[in-house]
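Morning, everyone. I have one structure to go through today, so please have the viewer open.

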Amino acid sequence: MEASHTQPTVVVRVRPRHAPDVWREIELLERQTLHDLHSAIQDAFELDDEHLYAFYLNNRPFDKLFNYEGPGTKRETRRTEDTSLAALELKQNKRFLYLFDFGDELRHEVRVLRRGARQSEASYPRIVASHGKAPEQYPDWNELDAPDPGEEEDGEEHTHACAHGEVASRISAEVRQALEQLIPEVESCAAANRVRWTGQSTSDVEDDDADVGDDLEGDDDDYDVHFKPGPPPPPAELKRHYGLAKDLLQHAGGDLGVIHVVVEHSIDENVIGWLCHLPDDLSQAELHEPALDLAQALLASEPQLGLRRSMPRLLMRAGHPDQALAALDECLIQEPDDTELLLDAGDLQATLGNTDQAIVSYRAALNWAGSDLELREEILETLLPLLEKTGQRDEASRLVRSEQQLVERVAPWAVATPLRREQPKVGRNDPCPCGSGKKFKKCCGKPD
């Protein structure tokens, strides 16, 4: 039997999606199972263990190729109680999804932090670090929408009991006055950005009082992914937006929390979202230096901003391939199995003529794409020609056959679309050839 002190452990950080500022670090023996991790999460967040649950190793909910389901489900699938953590060969920074309660879908991000060794006196699983109070399992959303005690209805005033009280307490009257002078113009820009991405003519975002941590992700969670966004403003207007964004950051001392408290709470618009979209819009308009300048200023304020995923693309468009590769490598260190990042890596390597590296990245992206058939087809449209170009015709044919079998297994009701493109490939981030001014993936390249 292995000596207790040499038994390896793995430490993961778990964050509820609906309370991203709260987390628990849990250490388990590698020989323990996903079901043991489930039980530890239940205890750590005081959840009621009377619902079905599952883990998704590619971080995509309900993916049939990467699901591990717990006791109680009748489907024939991989079982959590039979799957040890060691068997999963988890990389550092690997992220995967824990979904509890298939009805209300309480989602939690699980991130692998580090390896360790068993301590003889310790009992596993165990919590080794904690931040924040465990949120209610099913919060009363009406109560969450109510203003904090002492907070004015317009959201301008914050007490220390408020989630942003600490930020509000350090905002001087001069800073507040300077920011308030920019509010009308900022509101117009942010509202136009919302209409462009959602088609909404009025602000009806469900979670108006979301914590600044939600907004700092810089992703599109607040937008309807099925809506085709309109084109960005013309270059002259984008230059005005850029100047306004720089003024906003300068007056706030580069602190996005200050912008959130003073500006967002006053106008009820997603100002951070507008700021995070702006660098890519500037880049597409070939305003490369302003795009990079704004992106770097935003990241200096919040290093974990989701915008960092766009930096490789911004740098490549600006003619800085070496910096683009370095930025992409850094992103992949933080999110090693992210499909979109791996696809970006393949595109970048292919653009630079590094065919072998591009093939490796595309293959990894294809693997973690799971049962997303549209994304798999997009990857194959680039990967297959590269395989043929490098003399791997047999491998390309094998891959086509394997993909057709996967389509039949994952979606037997779907009709497999051709895996080869007759026209030259248009990159998903390239301008759409129809002339709309949108990205190809947001226009003609977006499925109906």
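I will go through the sheet, then the aromatic pairs, the core and a few backbone details.

Please keep in mind that this is a predicted model.

For one example, take strand 3, residues 53–56, and strand 4, residues 67–69: they pair in the antiparallel sense, over three bridges. Within that pair, Ala 54 faces Glu 69 of strand 4.

Next, the aromatic residues. The count of aromatic pairs is eight. I will show two of them.

In the pair of Phe 55 and Tyr 98, the ring centres are 5.0 Å apart and the planes are at 40°, so this pair is tilted. Phe 55 belongs to strand 3 and Tyr 98 to strand 6, so the pair ties together parts that are 43 residues apart in sequence. Are these two residues buried or exposed? Phe 55 has 0% relative accessibility and counts as buried. Tyr 98 is also at 0% and buried.

The second pair is Phe 62 with Phe 102. Here the ring centres are 6.3 Å apart and the planes are at 70°, so the pair is edge-to-face. Phe 62 is in the loop between strand 3 and strand 4, while Phe 102 is in the loop between strand 6 and strand 7, 40 residues apart. Phe 62 is partly exposed at 39% relative accessible area, and Phe 102 is partly exposed at 23%.

Back to Phe 55 and Tyr 98 for a moment. Together with Tyr 53, Phe 96 and Phe 100 they form one aromatic cluster.

There are also charges over rings. The charged end of Arg 13 sits over the ring of Trp 23, 3.8 Å from the ring centre.

Now the core. The largest nonpolar core has 103 residues, and Phe 55 is one of the members that touch the most other members, along with Leu 248, Ile 259, Val 263, Val 271, Trp 274 and Leu 275. What does Leu 248 touch? Leaving out residues up to four places away in sequence, its contacts include Leu 179, Leu 182 and Val 186, as well as Ile 259 and Trp 274.

Last, the backbone. Most residues other than glycine have a negative phi, and most peptide bonds are trans.

The peptide bond from Tyr 124 to Pro 125 is cis, with omega near 0°. Pro 125 is in the loop between strand 7 and strand 8.

Glu 46 has a positive phi, near 55°. Glu 46 is in the loop between helix 1 and strand 3, and is exposed, with a relative accessible area of 64%.

Asn 59 also has a positive phi, near 65°. Asn 59 is in the loop between strand 3 and strand 4, and is partly exposed at 33%.

That is what I have.

Methods
Residues numbered from 1 in each chain as written. Predicted model: local features only at pLDDT ≥ 70, side-chain atom pairs only at ≥ 80, totals over all residues. Heavy atoms only, no water. Pairing = 2+ DSSP bridges. Helix = DSSP H or I, 4+ residues; strand = E, 2+ residues; numbered from the N terminus. Phe/Tyr/Trp six-rings, centres within 6.5 Å; stacked < 30°, edge-to-face > 60°. Buried < 20%, exposed > 50% of the residue type's maximum accessible area, 1.4 Å probe, protein only. Lys NZ or Arg CZ within 6 Å of the ring centre and 35° of its normal. Core = buried A, V, L, I, M, F, W, Y, C linked by side-chain atoms within 4.5 Å. Contact = heavy atoms within 4.5 Å.
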